[in-house]
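Morning, everyone. Let me put the structure up, and then I'll go through the chain and its interface.

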Number of protein chains: 2
Amino acid sequence: VSTEAHRYAAIAEAISDLIRGGSLQAGDALPSVRSAALQHRVSKGTIVSAYSTLEARGLIEARPQSGFYVRGRLNAGLAVPRSEIKYPKVVRLDQQTQVRDALGDLCGTHATSLGSSFPDPSLYPLDVLGRALVANVRSTEAALAGTDLQLGLPQLRRAIAQRYLELGYVVPVEEIVVTCGGTEAISLSLQAVAQKGDFVLIDSPTFFSGIQLIKQLDLNVIEMPTDPQEGLNIGLLDQTLSTHRVAACLLMTNCHNPLGFSMKEERKQALVEVLCRHDVPLIENDVNSELHFGPRHIRAAKAFDENGMVLHCGSFTKSLAPGFKIGWVAAGRYVSRIVNRKFATTLGTSIPPQTAIAHYLKNHSYDRHLRSLRRELQTRVNEMSQSVARNFPAGTRITTPQGGYVIWIELPPGTDSMALFEMAVSRHIGIAPGPIFSPLGSYRNFIRLNCSHNWSSKLEETIKWLGSAVSEIAAAAPAESRI
Amino acid sequence: VSTEAHRYAAIAEAISDLIRGGSLQAGDALPSVRSAALQHRVSKGTIVSAYSTLEARGLIEARPQSGFYVRGRLNAGLAVPRSEIKYPKVVRLDQQTQVRDALGDLCGTHATSLGSSFPDPSLYPLDVLGRALVANVRSTEAALAGTDLQLGLPQLRRAIAQRYLELGYVVPVEEIVVTCGGTEAISLSLQAVAQKGDFVLIDSPTFFSGIQLIKQLDLNVIEMPTDPQEGLNIGLLDQTLSTHRVAACLLMTNCHNPLGFSMKEERKQALVEVLCRHDVPLIENDVNSELHFGPRHIRAAKAFDENGMVLHCGSFTKSLAPGFKIGWVAAGRYVSRIVNRKFATTLGTSIPPQTAIAHYLKNHSYDRHLRSLRRELQTRVNEMSQSVARNFPAGTRITTPQGGYVIWIELPPGTDSMALFEMAVSRHIGIAPGPIFSPLGSYRNFIRLNCSHNWSSKLEETIKWLGSAVSEIAAAAPAESRI
């Protein structure tokens, strides 16, 4: 049985790679169950299992009396959300600016918390990590005798440098500083390159805590239009940097939160070139890159950084160890500033979580864990997308994420997502309303949903209820807003 | 045998309490071995063991042909170091100020690192904590489902509030925010109450990383004369606050680093009253208070805070779990500012170390661990103090710490501790030279030694070498500096 199980999974994986790699295109027919069974020398049942798996993941669809076909779109047939910001927007985050802060928390408190930005912890190897924690607690002593408190545990820094190699580029271990999660990596980076009052250029919509962070550091922002499938327009960026003084760009380049795109490598290269020309450092928020669904590893903009201008911020929170709060920054030419700043803010990073992660990376198959994690996330994203397609009213648009576990949904024009948020709270449902993803509260008719939880009839009920609530709010919207 | 061992330790402890409590005074004779054995109904051997223990800890001394006596001074007969700063010193930490930064690190790199500020990790229950880590890794899931990421794990916050009760005062759990070590607690506190350019009043000498932290945050300092036995002069503080605008005081009130004093409770109360009158918040760096040698728990200035003006910063790094980097701040009226700032800098604190510490506090005897830790530290401090007294030249003065594990040594006038530092480095010996404890590099003829390591002939050799190096440097000092 286990051989059989192994076989159908292997066949599903092979076909999925062909689809993702483009060898099998949208609309292509798959071999019939009978001929596939002959070809792979397995039972027909095995092929049926493989095809069912691919169907559940939204990669293929069964057409009655016809067979299986590669699906045209992964976003459940709905159109792609639009960009609300059309031109760069200069925003001074002064006292008057209402940056919404309570909502981000609220999203997480509910039994059905589709608003949280954290993945389902049951997807992670917490038991293995627990054993790694206890196996290495004594090495805390050795670590304390060293002097790398600010830099992080040497074996973890080496493991991170090695991971960069596996991802296809070189980052010297000397550049790498371990941090208290990705947030500290980004916060230290901002502090290293920007002074109070400076402008930071951000993508839009952008991850909620990034805006908070910028405001807390008394910085201001330039909010850039960001294509939901391609990311930042590089030409427009070039133009904006010619006319505005910018201390840094803070961008998410892979498995973007909330949009789900991963920038193509040639666009990343062009991005680095433009920034280099304008002498503007890039803070690359890349905490999701290991969640990219594609068949091959994806490289970050950091891979194209020849001048040490990219501060590449990574984290194990979403790829391996939620709750451990271990991140890092590969800080290029800014490493000593980062270390000084770290010395003065947290001094060092908790050692047991570092030893446990270093031990895991050395002794366990990180890639095998990631493969199953991505597969599961893709399945769950697809299930929720299909449910949204079934249950939300006409005019709804959703993203097809290339990685991660969130979908960004444009509701019909005039639908107030803050009203939806309030209604949902009263039903103990958490959603993330669009306005928290923008410093001036744009994206009024957008929401973000967390798809990382195992699909269940309860979730289907929740999406159904949300869909009818959206219809209700949309119908009550003033006519002019519905144009 | 084990009953016997238990008995001699209990007798030693009882006598030690009498000495610390003042019932037995310096010079008092102890009962003879024979009469003590009769009195306690134990063998003479048991009494000899108890007296030997007390002798090793420096509490009593044997006088030939006479018996055992309570020791006059615990500082090995040497005079107390003097205060170098005589009046408040206003210091602008601008670009020109040379705040020494490399040294603090260097101190820790050496085989014999008497310069480090970290205690010997073998004094801590790392195995028990390791088991607590693994026993609780699953609860990470539950913790992640909650919303208290910025505040910290609820069971740990409750355990900290309960500890305050055990220490004799009330701090509501709502005030308590768990941090990435004591450094983050102090850093967030400074950020919560001071703006760039503001003045922070500090004691002098002060802990090295405090100065770094203040400089990194672009703050300035007023350095206050601090009595090595009593702490800050409250009258002078009152006067200074009348004439200078100060955003906050950052003071260490218990087991001061490097001076070793614990402020008397009535002085703490007076301190809080003066600060309250001037409306100046106190950032109370209290990371060492559990290391107080006295027979009773000591209360912090926070115990006298009726207006939420004291931000009390604690840590488990030196009391329970080195390397875990778990601290907290009981932030009084500033709690929401702290939480916002934490959100923007580290978001939350690593969860496994929090669960492990909360589990330890609930299921193990923290007080028993602390009793043996303090006893051991006191013994080690005494051993090193005696060795310094034997090996350093005339004119050396040392502190008698009331807790902790460092001694502050005034070398003979004109002795350049930076020269000593350089000489020691070449011998792979780390010491902390005085100038790093002051923003303008005062305390040129002072050093701090870490006494937490188990006494050994190698350490005796090290102290002997240091003593001869001090003699050499002192002899070569220009005559006028030796006055």
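Among contacts in chain A between residues at least 6 apart in sequence, what percentage join residues at least 24 apart? The answer is 76%, with contact meaning heavy atoms within 4.5 Å.

Ground rules. This is a predicted model, where local features need pLDDT of at least 70, side-chain atom pairs count only at pLDDT 80 or more, and totals for chains, interfaces and linings use all residues. Residues are numbered from 1 along each chain as its sequence is written, chains are lettered from A and ligands numbered from 1 in the order written, and side-chain values use heavy atoms, leaving out hydrogens and water.

Chain A first. It has 16 helices and 17 strands; these are DSSP runs, H or I of at least four residues for helices, E of at least two for strands, numbered from the N terminus. Of its 483 residues, 60% are buried, that is, under 20% relative accessible area with a 1.4 Å probe, protein chains only.

Now the interface. On chain A, 51 residues contact 51 residues of chain B. The buried area is about 4,500 Å², with 64% from carbon and sulfur atoms; that is the accessible area (1.4 Å probe) that two parts lose on being put together, summed over both.

Who supplies the chain A side? Helix 5 (126-135) and helix 12 (335-345) are among the helices giving at least two residues each. Helix 5 gives the largest share, six residues.

How values were computed:
Buried < 20%, exposed > 50% of the residue type's maximum accessible area, 1.4 Å probe, protein only.
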